Amino acid sequence: MLIIDRLADWSITVGGLLVIVAVFGIMLFLAQVTVPLFTGAALDSERSYPLRTDGRRTLILNVDEYRTITFALLEDGTVTVAHAPTGTPLAGQKLDLGPAPVSAFGRTIRRDNLLIGFADGTVRFGTVSVTAEIADADRVPEGARQLDERDRTDGRLVYSRIPGNQVRIIGLRLQLDEPVRVTPDGAAIIAADYRVGGTAERPVRSFVTVDANGKVRLSRAESRMNLMTRQMRTTVANAELPALPEGVRAKAVLLTETADTVLVGTEDGTVFRYDSRDFRNPRMVERAAVLSDGEMLTGLYYLVGEQSLVVTGSRGTTDVFFLLERPNARGSDGFELVRAHRLENQGAPIGYVSASPRSKMFVTADASGGVWVRHSTSSRTLLKLQKSVDAATGYAGLVMAPREDGVIALTAQGEATAWWISAPHPETTLATLFGRVWYEGYPEPSFTWQSSSGSDSFEPKLSLVPLIFGTLKATVYALLFAVPIALMAAIYTSEFVHHRVRAVVKPAMEMMASLPSVVLGFIAALILAPIVEDWVSAVLMVFIALPLSLLGAAYAWQFLPRHVALRFGGLPKFGLMFVFLLIAFQLCLWTGGLLERLVFAGDIKAWLAGTIGGPTGFTTLLLMPLMLAVVVWVSSRMLSDRLEDAVGATTRLTAGLVALGRWIATLVAALLLALLASSLLTALGYDPRGGVVGTYVQRNTLVVGFAMGFAVIPIIYTIAEDALNAVPEHLRGASLACGATPWQTATRVILPTATSGVFAAVMIGMGRAVGETMIVVMAAGNTPIMDWNIFNGLRALSANIAVELPEAVRNGTLYRVLFLAALTLFVMTFMVNTLAEVVRQQFRRRAASL
C-alpha cells in the first residue's frame with residue numbers, strides 16, 4: 001500500500017507539472033507567432049550601381065513587381081534599363097517626344113500610364129510598363145548571360161528561373177500617343193496629374209493641368225477604336241476651373257480617379273480644392289492652409305484609394321489629410337481637409353514620395369539623403385535608410401517596389417541604390433491593435449474590426465478592442481441571467497428541498513452540462529431568436545413575472561394547514577412551483593401586449609428606434625429591482641420586529657396573510673419610488689435608448705444570454721450546491737437550535753461559510769462563458785460593435801477566431817492577429833482565474849475558523 005501511495009503521489013505531482021508546462025508552452029507558442037507583428041521592417045540587402053542619365057532630368061523611376069529590372073524615363077524620351085539586383089545595364093529604348101521641351105509630367109497611381117506636358121501647351125499620353133510571360137525553360141536563348149542565381153539575359157529581356165522547369169520572361173513595353181492640345185494660347189504646361197478609367201475599347205482619360213499663366217484646366221479625353229482599322233480616335237473636352245488668386249504659383253496638382261475633385265497646392269502651403277462633379281461647372285469650394293507659417297510646400301501625393309492625401313514640406317514634415325464631412329466645415333460643400341496623421345519629422349526638405357500601389361505604405365526621400373519607409377494609418381516610421389548625396393541636387397528619383405519589398409533611389413549624378421527590405425506587417429502596433437485609430441472615411445479615431453472587403457484599395461482594420469468588448473458583453477449578460485438562477489437553485493436544493501427531490505433534480509441539472517454548445521447555438525439562432533423577436537414584450541414580462549410567481553407559490557404553500565404542508569413537502573411542493581411558473585408564462589403571453597402599450601407606446605421596435613414614446617416607463621422597469629432592494633432593506637430595519645410582535649402567536653393563515661400583505665405593500669412602494677425616480681431622470685434628459693437598449697436585431701445579446709445561460713447554469717449550480725452541502729452539519733444544527741429559520745440559516749450561516757466554493761463556481765462559469773464559441777458564432781450576429789444594447793449583436797474573440805482563421809493566409813497579418821486574439825483570450829482567462837483563486841483563498845481563510 002505504501003508503494004501504491006507513493007506512486008499515486010508521484011503521478012499526481014508529475015501530471016500537475018506537465019499541465020503547467022503545457023499551459024506555458026501554449027502561451028509561448030502563441031507569443032512566438034504574434035511577435036513578428038511588432039518587429040517593423042528590416043533591411044535585407046543594399047546595392048548601388050550606375051544608371052546612365054548623363055545629367056538629364058528623370059521623369060519616371062520604376063521597378064517591376066519581381067524586382068528584376070529597374071528603368072528610368074528621362075526628359076528626352078530615353079529609357080535606361082538595368083538589372084535591379086545587380087545593376088547590369090540592359091538595352092535601353094527611346095520615346096520620340098518631339099521638339100517641344102517637357103515641362104510637366106503626371107502618371108496614375110499604378111504607375112503604368114503616364115501623361116507628359118510640353119512647353120507648347122500640348123500633352124501626350126503614354127505607357128511604360130513591364131511585360132511578364134511564363135514559358136518553358138527551353139525558351140532561354142543559347143549564350144544568354146548569367147546575371148545571378150535566378151536570372152539570365154540576352155541583353156534586352158531577362159529570363160528568371162521559376163519552379164516547374166519554367167522561366168519568367170521580363171521585358172519593357174513603350175507606347176506614346178499623338179499630341180493633344182490643351183492650352184489654346186500655347187502656354188506651357190507646368191503641372192499635371194492623370195487618371196485612366198473606362199474600358200479597353202473606350203478608355204476615358206481624365207487629367208488636370210496648370211499652365212504658365214496660372215490657369216487650371218480639367219480635361220477629359222475619350223478614345224474610340226475603329227473596329228475596321230483598329231485605329232484609336234481621341235476627342236478632348238476641356239473645362240477651365242476658377243482661377244487661382246493673383247500672384248499664386250502652383251507647386252503640385254492632383255486629380256481623383258473619378259475626376260470629381262481637383263487639388264492644387266501652392267508653394268506657400270495652401271491647397272485649393274475644386275468640386276468638379278459637374279464637369280461643365282467646376283467650382284472652388286475650399287482654401288486650406290496645410291502647413292505651418294513660413295514652411296514651403298514640396299509635394300502633394302495620394303495614397304492608394306485616393307482618400308489619404310500626403311503633404312510634405314520644406315521643414316521635413318509629412319502629414320496625412322482626409323477629406324471629411326463636418327458641421328460648419330471650411331468647404332462650401334460641407335467637407336474640409338482634416339489632418340488625420342502627423343508623421344515623424346524627417347529633418348530636411350522632402351523631395352520625393354513614392355506610394356505603394358497596394359497599401360498605405362510609402363517612402364519619402366529628403367535633401368540630405370534620408371530615405372524613410374513609412375505607414376500612414378499607424379503613423380509609423382518602419383525603416384530609416386541613409387545615403388550620401390549632394391545637398392544641392394539631392395535625389396532625382398524614388399520608387400517603392402510594387403510588393404513593398406524594395407526601395408530604389410536615384411541621385412542626380414545617375415547612381416541608383418537598391419534597398420531590398422522586409423516589412424510584412426507595417427500596419428500593426430500596440431496602438432493600432434488596442435487603441436483608437438483614424439481610418440480613411442471615418443469622422444474620428446475609433447476602435448474598428450473589419451478584416452476584409454470587396455475593394456482592392458481596402459485597408460484592413462484590426463482593432464481587438466471590439467472583440468474584447470464583445471467577449472465581456474456576452475459574458476456579463478449571460479452571467480446576469482445564469483448566476484441568480486443557478487445560485488438560488490443550489491440554495492434551494494441544498495437547504496429546502498426534500499432529499500428525494502434533490503436526488504432527481506441534481507443529476508438532471510448535471511446532465512444539462514453535457515448538451516453540445518453547437519446544439520444550443522442552433523436552437524438559439526433558428527428557434528429562440530425568431531420567437532423572441534415575435535414576443536419581445538412577453539419575454540421582458542417574464543423577468544417580472546418569474547420572481548413574482550415563485551413568491552406567489554411560496555405564499556400559497558404557507559396558506560396550507562401545517563399537517564398538509566408537512567405531508568406533501570416533497571414532490572407535490574416542487575410540482576406546485578412549476579404550476580405557478582406555467583401560469584406565469586401564460587400570463588406573460590396574455591399581458592405582453594398590455595406591457596407594450598403601457599411602456600413602449602404600442603410598438604416596442606419603433607420605441608427602441610427612438611421614433612415614438614418616452615423613456616419613463618422603461619426606466620421605471622430598470623429601477624424596480626434597485627428600489628425593491630431599498631424598500632426591503634428599510635422595512636427590515638424599521639418594521640420587521642414590530643410586525644413579528646404584532647403577529648405573535650396567531651394562526652398560520654393569519655401570519656401568511658400578514659406576510660403577503662407586507663410584500664404587496666413592498667412591491668407597491670418600490671413601484672412608486674421607481675416611477676418617481678424615473679420621472680426625475682427623464683426630466684434631467686436621461687434616456688436608456690442608446691445605452692442598455694436600442695435598435696432591435698434578431699440575433700442579439702439577449703438571445704446569446706439565454707443560450708449561454710443554459711450552458712453555464714449547470715456548471716455554477718452543481719459546484720455551488722456541492723460547496724453548500726460540504727458545510728459541516730453542526731453549523732446548520734446549531735443555527736436552527738438557536739431559533740433561526742431555515743432561510744436565516746441558509747443566508748447567514750451556510751452561504752457565508754461556503755462563499756469560497758460558491759465564488760469558485762461563479763468564476764468557473766465565467767470562464768466557460770468567456771471561452772464559448774459556437775453559441776456566439778450562431779446566435780450573436782457577429783457584428784464587431786461596441787455598445788451595451790442588449791438587443792444588438794456582438795463579436796467575441798473566440799467566435800472571431802473560429803470564423804476568420806480558416807480564411808487567413810498563413811503567416812499573414814490577419815493570421816498573426818488572430819493568434820494574438822487567442823493570446824489575449826488566454827491572458828484574460830489567466831488573470832480572471834488568478835484573481836478568483838486569490839479571492840477564494842481569502843474567503844476560505846475566513847471560513848476556516850468556523
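This is a predicted model: local features need pLDDT of at least 70, side-chain atom pairs count only at pLDDT 80 or more; totals for chains, interfaces and linings use all residues.
**Entry 1: the cores**

I started with the largest nonpolar core, which has 94 residues; Trp449, Leu464, Phe600, Met708, Ile716, Val776 and Phe791 touch the most other members. Helix H13 (residues 701–725) gives the largest share of this core, 14 residues. I then looked up a second, separate core of 22 residues, which includes Ile60, Phe118, Leu172 and Leu176.

My terms: a nonpolar core is a set of buried Ala, Val, Leu, Ile, Met, Phe, Trp, Tyr and Cys residues joined through side-chain atoms within 4.5 Å. Buried means under 20% relative accessible area, exposed over 50% and partly exposed in between, with a 1.4 Å probe and protein chains only. Helices (H or I, at least four residues) and strands (E, at least two) are DSSP runs numbered from the N terminus.

Residues are numbered from 1 along each chain as its sequence is written, and side-chain values use heavy atoms, with hydrogens and water left out.

Back to valine 776: leaving aside neighbours within four places in sequence, I find this residue in contact (heavy atoms within 4.5 Å) with Val704, Met708, Asn782, Leu794, Ala796 and Ala799.

**Entry 2: helix pairs**

Next I checked helix H3 (residues 465–495) against H13. Their axes are 6 Å apart and they pack at an angle of about 35°. For the record, axes are lines fitted to C-alpha atoms, for helices over the stretch in contact, and angles run from 0 to 180 degrees between N-to-C directions. The contact of H3 with H13 holds 23 nonpolar, six polar and three charged residues. In these classes, Ala, Val, Leu, Ile, Met, Phe, Trp, Tyr, Cys and Pro are nonpolar, Asp, Glu, Lys and Arg are charged, and the others, Gly among them, are polar.

Then came helix H14 (residues 729–737) and helix H15 (residues 742–753), whose axes come within 10 Å and cross at roughly 145°. Here Leu731, Arg732, Ser735 and Leu736 of H14 meet Pro742, Thr745, Val749, Ile750 and Thr753 of H15. I sorted this contact by class into five nonpolar, three polar and one charged residues.

**Entry 3: the four-stranded sheet**

I moved on to an open sheet of four strands in the order S2-S3-S4-S5, with antiparallel pairing; two strands pair if DSSP finds at least two bridges between them. Strand S2 (58–63) and strand S5 (89–94) are the edges, each pairing on one side only. Neighbouring strands are turned by 15° against each other on average, direction ignored.

How many residues of strand S3 (residues 69–74) are buried? I count six of six. In a regular strand the side chains alternate between the two faces of the sheet. In S3, Ile69, Phe71 and Leu73 are buried on one side, and Thr70, Ala72 and Leu74 on the other.

S2 and S3 share five bridges, and isoleucine 60 stands opposite leucine 73. Their hairpin has five residues between the strands, and arginine 67 in the turn has a positive phi of about 55°. On the S4 side, phenylalanine 71 stands opposite valine 81. The S3 and S4 hairpin has three residues between the strands, with glycine 77 at a positive phi near 95°. Four bridges join strand S4 (residues 78–83) to S5, where threonine 78 has lysine 94 as bridge partner.
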